[in-house]
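Let's take a walk through this one, starting with strand pairing and moving on to salt bridges.

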Amino acid sequence: MSKRIAVVTDSNSGITQQMAKQLGVFVLPMPFIINGETFYEDINLSQADFYQKLKTQAEISTSQPMVGAILDLWDNILKEYDELVHIPMSSGLSGSCATAKTLAEDYDGRVAVVNNQRISVTQRQSVMDALELVAAGKSAAEIKEILEEVKLESSIYIMLDTLKYLKKGGRVTPAAAAIATVLQMKPVLQIQGEKLDAFAKARNEKQARATMIKAMRKDIEERFGGRGQVRVYVAHTHNETAAVDFEKMIEEELGMKVAYRDPLSLSVSCHIGPGALAIACSQKIDRYL
């Protein structure tokens, strides 16, 4: 008889508690410290609440899930399942992956922690891929191995509306932020693997969108073997109307259906602020099924 394998992730994947129930997966809510008080994403902190607090200049910082919360979740799951695959946010953006790896050592191989260096829509896709691999009869260890093998087969480009929040987090100099603001420039960042890096500067949103689509087209054709081999996604920070419009634009320009359009996780939003737009893709894992 095949083993029962559970799939676990955190709220950085953009998978809500409600979606998790529908998918049959488990989502660990990420904690936020807001003006000294702890909140949990999608438990007692909604997207709307978060942006409202951001607007009022609240002191917001991200935190790792408590060790006790991780262990309680795993222990409860393992009462019903033989093994579990845990897919946290990228190790390059948080220490929560390293913490989970250490904790998993006490579970005699029943917990496989995946360091697949993804966030938001690409992390969500890893969860969907894991579910397909479970259905294909793979063990937790095999799923971990496959997801880590394909981890760099994804790409994200993000247009920021403001550099204010990166400046606040010390990730850009005040002078660079001031110049971008005065010139009303829209910086485009990229996530390839675990790092958030500068990619291009655009004069306005129209140019930023064109820059991101051009970069994604190049990735799809040169890195991922063409349109049939990838899925493409849209993400945003508190910018739903623009995201819907961007989705239509992508579908026309790339000739591909957008797999899903999600709000970016609050852990990312915290550093880049509202008004951001992103395009992402990841390669399909058909060869492993």
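Two strands count as paired here if DSSP finds at least two bridges between them. Helices (H or I, at least four residues) and strands (E, at least two) are DSSP runs, numbered from the N terminus. This is a predicted model, so local features need pLDDT of at least 70 and side-chain atom pairs count only at pLDDT 80 or more, while totals for chains, interfaces and linings use all residues. Residues are numbered from 1 along each chain as its sequence is written, and side-chain values use heavy atoms, with hydrogens and water left out.

Start at strand 3 (residues 31-34), which runs antiparallel to strand 4 (residues 37-40), with 4 bridges joining them. I34 sits opposite E37 in strand 4. The hairpin has 2 residues between these strands, and N35 takes a positive phi near 50 degrees there. Strand 3 also pairs with strand 5 (residues 60-62), again in the antiparallel sense, over 3 bridges; here I33 faces S61.

Now for the charges. A salt bridge means a side-chain nitrogen of Lys or Arg within 4 Å of a carboxyl oxygen of Asp or Glu, and the structure holds 14 of them. One of them joins D262 and R124 at 2.8 Å, N to O. That pair links distant parts of the chain, 138 residues apart: D262 is in strand 12 (residues 258-263) and R124 in helix 5 (residues 120-135).

How exposed are such partners? Buried means under 20% relative accessible area, exposed over 50%, and partly exposed in between (1.4 Å probe, protein chains only). D262 is buried at 7%, and R124 is buried at 13%. K257, which forms a salt bridge with E251 at 3.5 Å, counts as exposed at 66%.
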